Amino acid sequence: MAAVVRKMNFAAELAIGKPNSLGNTLKVVKVVESNSKLFPQLLKLLLHEDSIVAMRAMNATKRLMRADKNFFDPQKQSLVKIYAKSKHNVVRLGLITLYFDFIKEFSPSELKSIKTLTLKWLKGSQDWMILAQGLKLLEKLAKIDPKIQPELVKVAKILQRDSRKAVSAKAKKVLSSL
């Protein structure tokens with residue numbers, strides 16, 4: 001039986017490897033799976049200065065939360081209030097996908113905060129993935145709360161003219177579905 005790791009420098013582990021690779025992300029995931037008390041240490045890296053470390057921390061976080069809801073439940077508020085302050089687009093994109101995946105788990109007030117965050121990120125980003133996935137999230141939120149539709153329509157009308165096909169096509173699809 002493997003020994004339970006009690007301590008690990010996650011930032012150092014996640015910094016190892018080529019920038020577009022997982023590096024040691026899967027090693028970190030296994031360590032946290034074997035000792036869930038280390039999960040908050042991993043989450044703090046979503047705010048790390050190094051975008052590679054933050055990206056890999058988000059990748060590990062999504063893997064853990066999707067595999068075991070017990071990682072998600074105690075941290076859902078922090079995903080909205082604390083880690084949404086990350087300056088890294090890759091963390092914001094990861095949060096958008098987690099919000100989308102776990103939308104039914106959030107309270108009405110958390111959903112309102114998620115809507116506000118997503119609109120802010122859409123208005124302040126040129127990243128096509130943030131724009132396309134943000135639209136997808138807002139579309140899902142608008143089905144829960146139709147009062148969101150006017151804001152979604154406003155953003156989608158602007159983005160339907162985006163030069164990137166993934167963004168403009170998603171915006172047009174959103175507009176046609178409302």
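## Core and helix packing

In this predicted model, the largest nonpolar core has 57 residues, and Phe10, Val32, Leu42 and Tyr99 touch the most other members. Leaving aside residues up to four places away in sequence, Val32 touches Phe10, Leu38, Phe39, Leu42, Leu64 and Phe71.

Two helix pairs are considered next. Two packed helices are described by the angle between their axes and the distance between the axes.

| Helix pair | Axis angle | Axis distance |
|---|---|---|
| H4 (residues 51-67) and H7 (residues 89-101) | roughly 15° | within 9 Å |
| H10 (residues 149-159) and H11 (residues 165-177) | about 140° | 8 Å |

With an angle of roughly 15°, H4 and H7 are therefore roughly parallel to each other. The crossing in which H4 passes H7 is left-handed. On the H4 side, Ser51, Ala54, Met55, Met58, Thr61, Lys62, Met65 and Arg66 meet Val90, Val91, Gly94, Leu95, Thr97, Leu98 and Asp101 of H7. The residues of this contact comprise eight nonpolar, four polar and three charged.

For the other pair, H10 and H11 pack at about 140°, which makes H10 oblique to H11. H10 likewise passes H11 in a left-handed crossing. From H10, the residues Leu152, Val153, Ala156, Lys157 and Leu159 meet Val167, Ser168, Ala171, Val174 and Leu175 in H11. Here the contact residues divide into eight nonpolar, one polar and one charged.

Technical notes
Residues numbered from 1 in each chain as written. Predicted model: local features only at pLDDT ≥ 70, side-chain atom pairs only at ≥ 80, totals over all residues. Heavy atoms only, no water. Core = buried A, V, L, I, M, F, W, Y, C linked by side-chain atoms within 4.5 Å. Buried < 20%, exposed > 50% of the residue type's maximum accessible area, 1.4 Å probe, protein only. Contact = heavy atoms within 4.5 Å. Axes fitted to C-alpha atoms, helices over the stretch in contact; angles between N-to-C directions. Helix = DSSP H or I, 4+ residues; strand = E, 2+ residues; numbered from the N terminus. Parallel < 35°, antiparallel > 145°, perpendicular 65-115°, else oblique. Left-handed = near helix turned anticlockwise from the far one by under 90°. Nonpolar A, V, L, I, M, F, W, Y, C, P; charged D, E, K, R; others polar.
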